[in-house]
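Work through these exercises with the model open beside you. Try each task before you read its solution.

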Amino acid sequence: MTARRILLVEDEPTIGTAVTDRLTAHGHEVVRAWDGPGAVAAFEQHDPDLVVLDVMLPGFDGHEVCRRIQAVRPVPVLMLTARDDEADVLVGLAVGADDYLTKPFRMRELVARVSALLRRVDRAAELAASTQGSVREWDDLRLDVGARRVWVADEEIHLTPTEFDLLVCLAAAPGDVLSRERLLAEVWGWAEASGTRTVDSHVKGLRAKIGADRIRTVHGVGYALEVTP
């Protein structure tokens with residue numbers, strides 16, 4: 001994988017150094033920030049390809065950082081949280097995070113998540129180039145795959161990159177039930193099935209934006225996009 005510039009926002013020196021060393025060892029350039037205001041300034045100055053962002057920060061927290069940087073331009077964000085609380089995770093996803101890791105985490109898993117997010121950025125760029133002008137419509141839901149835009153009842157809805165990719169995956173086979181494992185492999189690029197809770201959290205975030213009744217849950221299996229031709 002091509003080396004990328006990664007902004008790491010972490011105020012705990014031990015964790016920050018360990019993450020920096022591991023990402024650098026994988027060939028990436030790492031830019032550091034230690035608080036909320038510094039993170040926003042570093043983002044604007046260095047134009048990173050991806051952000052690894054701790055939730056608890058001095059100045060203002062990671063949720064506010066994510067909200068501000070996503071307003072500048074869409075960028076994949078991996079959030080680090082000390083609390084394994086679903087409400088906190090959903091807040092992070094709502095402000096534009098694409099994935100999250102709960103502390104303490106294994107460095108190997110962090111690198112895998114970063115690599116998966118970067119692969120998805122590359123795939124999204126390839127898809128956009130190959131699907132220019134590709135628009136799909138069902139009832140009042142309209143999806144422009146090439147432009148990465150979605151509308152509900154003529155109102156444009158802002159989705160995170162992950163939410164959009166999830167919707168595209170479900171929309172490729174409307175009405176069909178896709179397993180969590182399949183969604184995890186196709187959207188996140190994970191070979192193992194250890195992150196199915198991540199799928200569930202993103203589906204909740206997507207439902208909140210496009211309508212809860214548009215995505216059907218099949219308990220113990222997965223999800224399906226419910227549409228009217």
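**Exercise 1. The largest pocket**

Which elements each supply at least two residues of the lining of the largest pocket?

Solution. Remember first that this is a predicted model.
- Step 1: Find the helices. α5 (107–130) and α6 (161–171) each give at least two residues to this lining.
- Step 2: Find the strands. β8 (149–152) and β9 (155–157) also supply at least two residues each.
- Step 3: Look to the centre. The lining has 20 residues, and P74, R148, L159, T160 and P161 lie nearest the centre of the pocket.
- Step 4: Sort the lining by class. Eleven residues are nonpolar, three are polar and six are charged.
- Step 5: Note the volume. The largest pocket holds about 400 Å³ of space.

**Exercise 2. The largest cavity**

Find the residues that line the largest cavity, and say which element gives the most to the lining.

Solution. 
- Step 1: Count the cavities. The structure has one cavity of 30 Å³ or more. The space in the largest cavity is about 60 Å³.
- Step 2: List the lining. V55, M79, T81, D88, V89, G92, L93, A97, D99 and Y100 line this cavity.
- Step 3: Assign elements. Two or more lining residues come from each of β4 (77–81), α4 (86–94) and β5 (99–102).
- Step 4: Pick the main contributor. With four residues, α4 gives the most to the lining.
- Step 5: Sort by class. The lining of the largest cavity has six nonpolar residues, two polar and two charged.

**Exercise 3. α2 against α3**

Are α2 and α3 roughly parallel or roughly antiparallel to each other?

Solution. 
- Step 1: Locate the helices. α2 spans residues 36–46 and α3 spans residues 62–72.
- Step 2: Read the geometry. The two helices pack at an angle of about 20°, and their axes are 10 Å apart.
- Step 3: Apply the cut-off. Angles under 35 degrees count as roughly parallel. Therefore α2 and α3 are roughly parallel to each other.
- Step 4: α2 and α3 cross in a right-handed way.
- Step 5: Name the contacts. From α2 come G36, A39, V40, F43 and E44; they meet V65, R68, I69 and V72 of α3. By class, this contact has six nonpolar, one polar and two charged residues.

**Exercise 4. α6 against α7**

At roughly what angle do the axes of α6 and α7 cross?

Solution. 
- Step 1: Locate the partner. Helix α7 covers residues 180–188.
- Step 2: Read the geometry. The axes of α6 and α7 come within 10 Å and cross at roughly 120°.
- Step 3: Classify the pair. α6 and α7 are therefore oblique to each other.
- Step 4: The crossing of α6 and α7 is right-handed.
- Step 5: Name the contacts. T162, D165, L166, C169 and L170 of α6 meet L183, E186, V187 and W188 of α7. The contact has six nonpolar residues, one polar and two charged.

**Exercise 5. Two backbone details**

Solution. 
- Step 1: Check omega. The cis peptide bond joins K103 and P104, with omega about -5°.
- Step 2: P104 sits in the loop between β5 and α5.
- Step 3: D139 is not a glycine, yet its phi is positive, about 55°.

Notes. Residues numbered from 1 in each chain as written. Predicted model: local features only at pLDDT ≥ 70, side-chain atom pairs only at ≥ 80, totals over all residues. Heavy atoms only, no water. 1 Å grid on protein atoms, 1.4 Å probe; cavity = no way out; pocket = protein on both sides within 12 Å on 5 of 7 lines; lining within 4 Å. Points joined across faces, edges and corners; volume = space filled by probe spheres on them. Nonpolar A, V, L, I, M, F, W, Y, C, P; charged D, E, K, R; others polar. Axes fitted to C-alpha atoms, helices over the stretch in contact; angles between N-to-C directions. Parallel < 35°, antiparallel > 145°, perpendicular 65-115°, else oblique. Left-handed = near helix turned anticlockwise from the far one by under 90°. Contact = heavy atoms within 4.5 Å.
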